[in-house]
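Dear colleague,

I am passing on the structure below, and I would ask you to look through it before you read my notes on the aromatic rings.

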Amino acid sequence: RMASASRGISPTEPYSDRLRRLFAKWNPMGMIVSDAKARSAVRLLADPRASALATPSELEEARWVRDTAVHPVLNQPIPSAFRACSFMPVTACAAIGLSSAGSAAGTIFWHWFYQSHSAATRYCNYADTTRDLDPRRMMGAYAAS
């Protein structure tokens, strides 16, 4: 609840606005947002003085960058390959690979690739929010699964 309140999402927000926000978060262009730009967007939106000086279009872009590239609770940039916006393009590549694999080894590879990316995406977007995102913990969780 607290994360949604800090992101400006209201329970009375119209469905069309929530749907628009979701589609914007899934926009594949979010994969090319740098971590530095993500941190800058978080700083801009957290600083009332800087926000007051920014134009409406700058604020809207900063909100999009934050919603796309920053963990909603930890306020840390999510690695670009594992952001929610990367899920569809990567899944499409994996589906093409799976359907065109000409051998059992190819099928196993593409299945492993898809499962690995899905696990990493889930971890990076919905991780334990009491601790920072840590590559070693991510690899440990992957190895355990």
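**Aromatic rings**

Phe109 and Phe113 both belong to helix α7, where they are four residues apart, or about one turn of the helix. Please keep in mind that the model is a predicted one.

How are the rings of Phe109 and Phe113 placed relative to each other? Their centres are 6.3 Å apart and their planes meet at 25°, so the pair counts as stacked, because planes under 30 degrees apart are given that name. Phe109 has a relative accessible area of 39% and is therefore partly exposed, and Phe113, with 28%, is partly exposed as well. These two residues also belong to one aromatic cluster, which is formed by Phe109, Trp110, Trp112 and Phe113.

The structure holds six aromatic pairs, and another one of them is made by Phe87 and Tyr114, with 6.4 Å from centre to centre and 55° between the planes, an arrangement described as tilted. This pair links distant parts of the chain, since Phe87 lies in helix α6 (residues 87–100) and Tyr114 in helix α7 (residues 104–126), and the two are 27 residues apart.

Methods: Residues numbered from 1 in each chain as written. Predicted model: local features only at pLDDT ≥ 70, side-chain atom pairs only at ≥ 80, totals over all residues. Heavy atoms only, no water. Phe/Tyr/Trp six-rings, centres within 6.5 Å; stacked < 30°, edge-to-face > 60°. Buried < 20%, exposed > 50% of the residue type's maximum accessible area, 1.4 Å probe, protein only.
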